[in-house]
Structures are given as C-alpha cells and as structure tokens.
Amino acid sequence: MQDQTRAKVAVAAQESNDKRSAFTLPLAGAALILALGALAADAQDVGDDGLIRTYGISTFGELRYGPDSPHLDYVNPDAPQGGEMSFSWSSGSFDSMHPYSRIGRPAVLSSIFFEAMLEGTADEIGSAYCLLCEEFAYPEDRSYVIFTLREGVTFSDGTPMTAQDVMFSYEILRDEGLPSFRANIPNTIASAEVIDDRSIRFDFNPEAPLRDRIQTAGGLPVFSQASHEASGLAFEDSRLDPLVGSGAYTLGEVEPGQRVVFVRNRDYWGDDLWINQGRNNFDSIRIEYYGDSLAAFEGFTAGNYTFRQESSSQAWANNYDFPALDDGTVIREELPDGTIASGQSFMINLRRPQFQDVRVRSALAHMFNFEWTNETLFYGLYSPVVSFWENTWMEAAGMPEGEELALLEQFRDQLPETVFTEEVYAVPESNPERALDRRQSRRALALLEEAGWVPGDDGLLRNEAGQTLDVEFLNSSPLFDRIINPYVENLRAIGVNASMNRVDNAQLQQRQRDADYDMITDHFPMTYEPGAGLRQYFGSLGADESLFNVPGLADEGIDALIETVVNTETREELDVAVRALDRVLRDRVIRVGQWYNDAHWVAYYDMYRYPAELPPYSLGFLDFWWVDADAEQALRDAGAL
C-alpha cells in the first residue's frame, strides 16, 4: 500500500493476482465488463436456423469496430516489435505461477499465458470481439451460445487448441477454481457440450441475467488439458511451471519473490488478427520485486528497470529530481486517466461486533480528515472517493427523485428510512488547516453516544458491558504510516481505542483471507456495466465466502437492488439502478473512502513510445506501447542502460 495503489489498478486486467475479477478477459481494458445486449446492425447475421451469428457484441449500443476493421483506433499498427518492458512490484512477494488457485501467491501477470473466446477494447464500454473464436451464434432468447474456434489456434507448445480444451477449462474452473468461479459459473451456465473439434455450446440457466450470459462463457480463460494432466498436480496446487495457454507470451525466467520474465512466443498463432495489430510489441516483459517502495524507487533511478508508474504523491512531488531525469534520460509525464476511481478505501469489517451499528461506522468516517491529508501529505493532488462509481455519471446525488425514487420505493420495507429522508450520504468537508477538526469530533461523539458508547473514567469510550471501542488498522507499508497515524490520533482524541498494526505482506494477505481485521485498505473496483459480479462484492451470499466482500456486507435491501441492476435491459434502466444502489451502499457506511486522481503518473527511460491519442480506459503500457530501437541504443551508448 502507498498513497494510492494506482499501479495495481493499471495492470489489473493483466496481472495474475487480481483475483477480484473472476471473468476478466486477458489483456483487455482494465475496467471493462463484457455483457450481452443490442448489436450493431452490421455485427449480426441471422441464418436459416434462426441463430444470430456475429463476430462481436455490445451491451447497449453499437460496436465501434466492423468486421473488416484493420486495427484498433488507439494503436500504432506499424509499431516495431522488440526490446523489453521492465517495471517493479513492491506490494508483496510471490511463490506461484498459477493465478486461479487460492494456494500460494501468484506472480504479477501470471494470467498473461491465457486467452478467452472474447476480447474487450480500451476505447469502448461493454463491447467484445472474437479472439479465440471465429464467430459465435445464439438464438433470440439467448438460451445458449455456440462458439466456433478459429482455425489454426495453437497453444504455446505448438499443440492445437480444440473445443475439448475449452470444455476442460470450463469444467475445472467450475469445480475446482477460485470461489468466484465456482459460485458464478453454475449460476449462469447450466451445461456445456462439445459439438466437434472447433465448436462448443454453452446452455444457460433460465434465471441467469441476459447481460451476463455470453460474458461469462466468452470470458473464461482456456488452458491446455494435456498440460494439466502431464503436470501430475491437482488444479488447486500451487506451481511454478504454469499451465500452457495460447497467449502471446510464455514464461522465460522465474525467481520466486525476486523476478519474473515473460518472453514473446515467436510462433504466436494470433499475430495476424486485426485486433492484435500494434499490440504485444515487447520481446520480453520483466517484473522486479522489491521489499518496499523506497527500494523500488532506488532501483528505478539506478536503471535496474525502465518504467515506473508512481503511486505516491509525496514521491511524485519531491523525488523526481535525480540526474537521469535532469539530463533527459528519463521522461516524467502525467497522462490522462478516464477510468472509474479505484474505490480505494479503509474497509470496515462488519463481522466485528463493535461495528454493527451504522452510527459507529459513520463516526469513524467523520474522523478521517481527507482535506488535511490531501493538502498536507498529498500536495493537493487528489480528490476524495465518495461514490462507489466516483468520476462517472452513475454517482448518486442529492435526494432521490424521479425514476430512482420510484425504484427505491419498491424496496422501502427493506431499506433504511434515511435513504428517503436525507441527501445521499457524504461526510462533510473537514478543516484542511489542522488534522483534528473539532466540528467533526462533535458530530462523531454525538453519533457514538446515540449508539451507546460513553466515556469511561479513563477517557475511553465504553459500551454498557464496559468494553472499549477497539479499532485496529492493519497495514503492511511504511509509507502508509503517515496517513494512518493522524487518523488513529483523531480517533483516540475522542476516546476510541485505535491503533495501527504493521505486518508483513504475507501476514496481511493471510489475515485478510481469514477476515481477521478491524479496518484495512482495499479497493472496490466497480465497472461501467456492473452485473453479477456485484454479488461477490456486496451480496449476502458472499459475506462469509467471497474474498471480494471485504467488509462482510449482508443486507437484504442491497441484495434486492443488486438483482435489479443485474436484470436491467437498457442503459437507462442500468444507470437508474446503479445510482439507487450507490445511494444505499453509501448509506450503510461500509468503508471510509480515500482518494483518487484523473492522471497516470509515469516515468520511463526515453526509449518507450506510445500512440498520439491514448484510449480513455487504459494506459496500455503493457499492451500497445513499444520500444524505439534507436533511442534504446543511444541510452546504451551513453551508459544509461
């Protein structure tokens, strides 16, 4: 953790240990969720059998790219291939190259080996195009889909991919994969059937939301069945020798906890596809692991790796004054970021008895002074995370009215009255000139007194049973101490028995898996077209089983709104339902929002190039950037590399 773990978000669509996105399409735009809906007029063809046949699909609007598109608009189709992209990782270690198991800690990008039937883009919301498939077909009622594999798809070991490999991948993820796969796949897919070597049919549960059906089937990663059987391991077992996939990169070098290198598959089957033009440009991708962010920064200035996405405002404001930057060897830039805020927050563990009352949680929220933190520690560079869909048109605002109010009224008996009688929940702005805002302190104390917490003789707040109000912040980053410590002091000033416990990354991960924490920093990475995945983040069924539901939220009103979102059929209906859900989630105060900004902070050795216009939903430095060979050689001649 750092000021803002935006580096994690930047590679979330490609990094292997991002287990929070069960059906993320490999190497797609980071925040895109694929779903089923209306098609562009030229995207579909209805055959004599009544099936709609298509190369791509869009949730609510038209596809941006036609069947004869030469390449994606945001790439340089003439980008040269070669060179290396190298960057660092300092948020934990790794001991596995298997991203679909809970055993072990997978390396960053260890899902890079695998592809899916469908591929998203970084300049559209909710569009998907055939990657492994040549086409897919489905009836008007969307009761099933048939994917037809492209001819010539091979795994990286040269063996052909068949529909049986697709079937194997589906079945083993359903039966032995991560809990998110085991929960979501059966809810959507009733069964699958291999039709022939290149065709597979997925039949959907009638109750499954229409928007999530093809997304679920088309987004599953495909592994080589033969490679798994030859390994002699159970699917759940941790492994450093990864399963064989069909992707553009294979494993080159691995040193557990220190380094991992991926190398281009020179015989990659998909090089000539239109959707791959101008992409996968590096001969190798190297990730260097460091014990902490300070060591990682020193590694960058020493030239041990060549691309850095900065996540600390303090470092961004103060540390970029080393000689390589001054002489132009290193470029420092702020590039636009049009994605939803990551939802980084202090998560409150609702499984703890002292946090059952929403007034207690609201009091905790009042005592985090974002304004002082931003001005004093972050150089005024950030904005607060308030909405779960921050920086989008789906944020709830003011009082509920119109269609949103009508929707909420349907569930009035399951929702708190405050949803209808008060403006959407947001903590009032604090005084930026001092860490402890006395007005916020008075508000927080009033809420706590209403909830039955009163000062004892020792000044600590106690309930009727004489128990203190204990709040432990679990933290693994020294850089985060400066954010948490003032928050702890604010809470202690009003009688909360608050403390910070710094642990190593392994302890942090294990305690998070065991739900053994009071407050912890994590993310709610929402999407522009939310669907069934909301059940994993906020649904009652995921409160005790899902790694995604960090606060342990279980609320029947929220469950009902989630199902409404999942079953919407138009963009307008979805927007209304999401705003209603955002309003109710904020009312429950399950987190204390932190911060975000709308720029990527990057520094890199002056040999990397990128297209003139970046897409709105991805920085794409691992996807469509490239190396200028002449500039690289100049750096080598100067001794910079």
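## Salt bridges

A salt bridge is counted where a side-chain nitrogen of Lys or Arg lies within 4 Å of a carboxyl oxygen of Asp or Glu. Arg-359 forms such a bridge with Asp-357, and the closest N and O atoms of the two are 2.8 Å apart. The structure is a predicted model, in which local features need pLDDT of at least 70 and side-chain atom pairs count only at pLDDT 80 or more, while totals for chains, interfaces and linings use all residues. Residues are numbered from 1 along each chain as its sequence is written, and side-chain values use heavy atoms, with hydrogens and water left out.

Arg-359 counts as partly exposed because its relative accessible area is 30%. Asp-357, at 23% relative accessibility, is likewise partly exposed.

In total, the structure holds 39 salt bridges. One of them joins the side chains of Arg-352 and Asp-518, at 2.7 Å from N to O. Arg-352 lies in the loop between strand 16 (345-348) and helix 9, and Asp-518 in the loop between helix 15 (505-513) and strand 22 (519-522), so this pair ties together parts that are 166 residues apart in sequence. Helices (H or I, at least four residues) and strands (E, at least two) are DSSP runs, numbered from the N terminus. Arg-352 is partly exposed at 22% relative accessibility, whereas Asp-518 is buried at 8%.

A further bridge links Arg-462 with Asp-458, where N and O are 2.6 Å apart. Arg-462 has a relative accessibility of 25% and is therefore partly exposed; Asp-458, at 44%, is also partly exposed. Elsewhere, salt bridges that share partners join Glu-84, Glu-253, Glu-255, Arg-259, Arg-286 and Glu-288 into one network.

## Helix 9 and its burial

Helix 9 spans residues 358-366 and is mostly covered, with seven of its nine residues buried. The buried residues are Val-360, Arg-361, Ser-362, Ala-363, Leu-364, Ala-365 and His-366. Arg-359, the salt-bridge partner of Asp-357, is partly exposed.

## Charged surface patches

Two patches of like charge are described here. Patches are made of residues with over 30% relative accessible area and no salt bridge; like charges are joined within 9 Å, and nonpolar side chains (Val, Leu, Ile, Met, Phe, Trp, Tyr) within 5 Å. Lys and Arg count as positive and Asp and Glu as negative, while His and the chain ends are not counted. The place of a charge is taken as NZ of Lys, CZ of Arg, CG of Asp or CD of Glu. Accessible areas come from the Shrake-Rupley method with a 1.4 Å probe, and for residues only the protein chains shown count as cover.

The positive patch on the surface gathers Arg-434, Arg-438, Arg-442 and Arg-443. Arg-434 belongs to the loop between helix 12 (418-421) and helix 13 (438-450), and its relative accessible area of 40% makes this residue partly exposed. The negative patch on the surface gathers Glu-403, Glu-569, Glu-572 and Glu-573. Glu-572 is located in helix 18 (residues 571-588) and counts as exposed, at 55% relative accessibility.

## Aromatic pairs

Rings of Phe, Tyr and Trp (its six-membered ring) pair if their centres lie within 6.5 Å; planes under 30 degrees apart count as stacked, over 60 as edge-to-face and the rest as tilted. By this rule there are 56 aromatic pairs. One of them is the edge-to-face pair of Phe-297 and Phe-322, with 6.0 Å from centre to centre and 80 degrees between the planes. Phe-297 lies in helix 6 (residues 293-301) and Phe-322 in the loop between helix 7 (313-318) and helix 8 (323-326), so the pair ties together parts that are 25 residues apart in sequence. Both of these phenylalanines are buried.

## Loop residues with positive phi

Most residues other than glycine have a negative phi. Arg-142, although not a glycine, has a positive phi of about 60 degrees. Arg-142 sits in the loop between strand 7 (133-138) and strand 8 (144-149) and is partly exposed at 21% relative accessibility.

Asn-280 also has a positive phi, near 55 degrees. The loop between strand 12 (259-264) and strand 13 (284-289) contains Asn-280, which is buried at 7% relative accessibility.

Definitions and conventions:
Buried < 20%, exposed > 50% of the residue type's maximum accessible area, 1.4 Å probe, protein only.
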